[in-house]
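Trainee: I have a model open and would like to learn how to read it feature by feature. Where do we begin?

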Amino acid sequence: MARDALIAMTKREIENLEKNRIDLAPDVMKISTSAYSDPERFKLEVDRIFRRVPLALGFSSEFRNPGDYRALTVAGMPVIIVRGADGELRAFVNMCSHRGNFVIEEGSGNTRRFRCNYHAWTYTTEGRLFGVFEESNFGCVNKAELGLTPLPIAERAGLVWVTLNPESTLDIDLFLDGYGEILEHLRIDDAFLADQHCLNGPNWKVAYDGYRDFYHVPILHRQSFGPDGPYQPDFYAWGPHVRVATPKGHDMFKGRPEAEWTNDEMMPGVWTIFPNVSIAGGPGSGYMFSMMFPGKTVGESFTIQNFLRYGKREELNRQDLDNFMGFMRTVVGEEDYKTGFRVQTSLATGAKAFSYFGRNEGGGQLFHKWVDAMINTSDADLPELFRRGVKL
Ligand code: FES
Ligand SMILES: [Fe+2]
């Protein structure tokens with residue numbers, strides 16, 4: 001089924017190439033500039049988007065062995081993802097039941113227990129409270145009730161998804177709307193996480209807007225990517241999730257029977273996962289997998305750039321990877337986010353009431369419509385929103 005979808009998209013791109021056109025949104029769209037600068041609005045976005053949807057926070061390949069964990073703070077929620085000694089993958093709030101310290105430092109690794117470094121209470125990798133330091137003097141507590149707080153977790157397409165609110169009513173498959181099967185073709189599960197680094201950015205939506213935007217590529221990135229970068233995007237959507245593709249390069253399929261088109265060849269472009277992921281690269285060559293997170297205030301975000309590579313970790317060419325990571329830090333940090341900080345400064349002045357997304361920026365338009373829809377939808381109505389969808 002998913003291959004049929006890839007073929008349909010590829011045919012559309014070939015057709016658009018031949019007709020020298022792209023698929024345009026019905027209209028130009030206006031967005032209130034306050035949507036990027038209003039602290040109240042920002043709080044709603046964190047609560048009603050980041051705290052309600054499954055977020056892709058890790059890679060299945062990071063958690064192959066019992067005790068493998070990753071700890072990070074997302075939208076104010078400290079999270080641990082860990083494969084338990086019993087083989088099951090779980091997520092917990094990184095919060096000690098004694099008085100709330102993190103039970104493990106942020107980062108990743110392998111551990112047999114989580115040991116809080118405040119008063120040494122320990123927890124198993126299944127989340128059970130294992131040991132209370134000086135238990136006889138501490139007094140009687142019911143250890144069975146004082147385990148780590150679990151969070152909903154799922155694995156799809158080689159990714160680990162965690163929902164920050166245990167009460168969330170949104171099922172992951174409803175949320176993905178078939179996109180999980182398509183993402184399987186990225187073959188992320190065959191790759192390994194070679195390295196990652198973090199970049200500070202402007203408002204999370206200012207930062208994220210740049211990832212769905214091909215329009216700026218030969219302009220802002222003229223020095224880094226050159227003047228011939230693709231700037232004419234088509235977009236495809238599954239619920240709120242968008243793939244941005246371009247007709248350019250699709251002449252490689254001409255004159256070849258469809259049966260010979262490989263899935264890998266049909267996967268170019270940028271694959272985004274709502275609300276905050278961008279995947280660029282290709283199956284076999286590797287990816288820059290960017291996760292954008294809201295920062296502490298409306299004007300701040302941080303981005304984890306994860307670099308995925310194929311082959312054996314021992315055979316990784318470290319110098320090549322370092323060069324590429326340095327290049328992408330420059331492209332995103334010095335070109336995209338430097339511009340984004342200027343955008344942020346201007347938007348916050350209120351000097352203009354609106355920003356504009358063109359008919360050639362349909363992926364961006366759809367994203368903002370989903371953001372609006374989500375902050376205006378109650379918990380009870382959230383599943384219905386995803387069943388109904390949002391139209392341009
Ligand atoms: S806060 Fe963790 S042991 Fe006291
Ligand atoms: Fe860019």
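Mentor: We will go through domains, helices, sheets and single residues in turn. This is a predicted model, so local features need pLDDT of at least 70, side-chain atom pairs count only at pLDDT 80 or more, and totals for chains, interfaces and linings use all residues. Residues are numbered from 1 along each chain as its sequence is written, and chains are lettered from A and ligands numbered from 1 in the order in which they are written.

Trainee: Which domains is the protein chain divided into?

Mentor: Domain bounds come from an automatic or database domain assignment. Here domain 1 covers 2-53 + 168-388, and domain 2 covers 57-154. Their C-alpha centres are 32 Å apart.

Trainee: How many residues does the contact take from domain 1 and from domain 2?

Mentor: Two residues are in contact if their C-beta atoms, placed from the backbone, lie within 7 Å. Domain 1 gives 12 residues and domain 2 gives eight residues. On the domain 1 side, at least two residues each come from α2 (39-50), β13 (192-201) and β18 (286-294). Helices (H or I, at least four residues) and strands (E, at least two) are DSSP runs numbered from the N terminus.

Trainee: What is the makeup by class of the side of domain 1 that touches domain 2?

Mentor: Ala, Val, Leu, Ile, Met, Phe, Trp, Tyr, Cys and Pro count as nonpolar, Asp, Glu, Lys and Arg as charged, and the others, Gly among them, as polar. That side has nine nonpolar, one polar and two charged residues.

Trainee: What span is expected of helix α1, and what does it reach?

Mentor: The expected span is 1.5 Å times one less than the number of residues. Helix α1 (residues 2-18) has 17 residues and reaches 25 Å from first C-alpha to last, close to the expected 24 Å. After α1 comes Asn-20, with a positive phi near 50°.

Trainee: In what order do the seven strands of the open sheet lie?

Mentor: Two strands pair if DSSP finds at least two bridges between them. The order is β13-β19-β18-β17-β16-β15-β14, with antiparallel pairing. β13 and β14 (234-238) are the edge strands, each pairing on one side only. Axes are lines fitted to C-alpha atoms, for helices over the stretch in contact, and angles run from 0 to 180 degrees between N-to-C directions. Neighbouring strands in this sheet are turned by 20° against each other on average, direction ignored. Within the sheet, β15 (residues 241-245) and β16 (residues 270-273) pair over two bridges, and Arg-243 faces Trp-271 of β16. Helix α10 lies across β14 and β15, at about 170° to β15.

Trainee: Which strand forms a hairpin with β3?

Mentor: β4 does, with two residues between the strands, and Ala-75 in the turn has a positive phi of about 50°. The antiparallel pairing of β3 and β4 (residues 77-83) has six bridges, and Arg-70 stands opposite Ile-81 in β4. β3 (residues 68-74) is also joined by four bridges to antiparallel β6 (residues 107-110), where Gly-107 stands opposite Ala-71.

Trainee: Why does Arg-3 count as partly exposed?

Mentor: A residue is buried if 20 or more other C-beta atoms, placed from the backbone, lie within 10 Å of its own, exposed if 12 or fewer, and partly exposed in between. Arg-3 is partly exposed because it has 13 C-beta neighbours inside 10 Å. Arg-3 sits in helix α1, and its C-alpha is 7.9 Å from that of Ile-182, 179 residues apart in sequence.

Trainee: Where is Thr-377 found?

Mentor: Thr-377 is in the loop between α10 (362-375) and α11 (382-388). Thr-377 is partly exposed, with 16 other C-beta atoms within 10 Å. Not counting residues up to four places away in sequence, Thr-377 touches Leu-382 and Leu-385.
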